[in-house]
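Trainee: Could you walk me through one part of this model in detail? I'd like a close look at the aromatic residues and what surrounds them.

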Amino acid sequence: MTYDQFYLSYTGVALPLRMVSPIDQAATENRNTWFGVCVDDAGRITLIHKRVYGELELSHRYEYDEAGRLSLAEIVNVDNEGRRLSFDTAGRVLQEVEFDVES
């Protein structure tokens, strides 16, 4: 997987997560835990992977509407249990669906 940005952590609980403490890709080799992030052409986060000892532990995938507002978030944990959240234009959750990711 190729990432656009790398971070040590995030802050807050609102989605999309706000990433903090940027690092260079080379610094990931000396870290047990780090976050790899992909962004779209507008600079919005579209994917976050939390890597722990090289393994994927957490994944967030985001989609945005035409106005740039978050419209969908998919969160998958280390046990491959996922949540899919759909948002209205005011940022309120319209629907939340749990799912299992097939290996």
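Is Tyr10 buried, partly exposed or exposed?

Mentor: Keep in mind that this is a predicted model. Tyr10 has a relative accessible area of 36%, and buried would need under 20% while exposed would need over 50%, so Tyr10 comes out as partly exposed. Tyr10 belongs to strand β1 and Phe35 to strand β3, so the pair ties together parts 25 residues apart in sequence.

Now for the other rings. The structure has four aromatic pairs. Phe6 and Trp34 make one that is tilted, with 5.7 Å from centre to centre and 55° between the planes. Here too β1 and β3 are involved: Phe6 is in β1 (residues 5-11) and Trp34 in β3, so this pair bridges parts that are 28 residues apart in sequence. Phe6 counts as buried at 8% relative accessibility, and Trp34 does as well, at 12%. Ring pairs also bring in Tyr3, giving a cluster of Tyr3, Phe6 and Trp34.

Tyr3 leads us on to His49. The side chains of these two are joined by a polar contact of 2.7 Å. His49 sits in strand β4 and is buried, with a relative accessible area of 9%. Leaving out residues up to four places away in sequence, His49 touches Met1, Tyr3, Trp34, Phe35, Gly36, Leu56, Leu58 and Ser59. So that list includes Tyr3 and Trp34 from the ring cluster. Across the strand pairing, His49 stands opposite Ser59 in β5; β4 (residues 45-52) and β5 (residues 55-64) pair in the antiparallel sense over six bridges.

Step back to the whole sheet: eight strands form an open, antiparallel sheet in the order β2-β1-β3-β4-β5-β6-β7-β8. Its edge strands, β2 (18-23) and β8 (93-100), each pair on one side only.

As for the nonpolar cores, the largest has 14 residues, and Met19, Val37, Ile45, Ile48 and Tyr62 touch the most other members. Strand β6 gives the largest share, three residues.

Notes. Residues are numbered from 1 along each chain as its sequence is written. This is a predicted model: local features need pLDDT of at least 70, side-chain atom pairs count only at pLDDT 80 or more; totals for chains, interfaces and linings use all residues. Side-chain values use heavy atoms; hydrogens and water are left out. Two strands pair if DSSP finds at least two bridges between them. Helices (H or I, at least four residues) and strands (E, at least two) are DSSP runs, numbered from the N terminus. A nonpolar core is a set of buried Ala, Val, Leu, Ile, Met, Phe, Trp, Tyr and Cys residues joined through side-chain atoms within 4.5 Å. Buried means under 20% relative accessible area, exposed over 50%, partly exposed in between (1.4 Å probe, protein chains only). A polar contact is a pair of N or O atoms within 3.5 Å; within protein, one must be able to donate a hydrogen and the other to accept it, and residues adjacent in sequence count only if both atoms are side-chain atoms. Contact means heavy atoms within 4.5 Å. Rings of Phe, Tyr and Trp (its six-membered ring) pair if their centres lie within 6.5 Å; planes under 30 degrees apart count as stacked, over 60 as edge-to-face and the rest as tilted.
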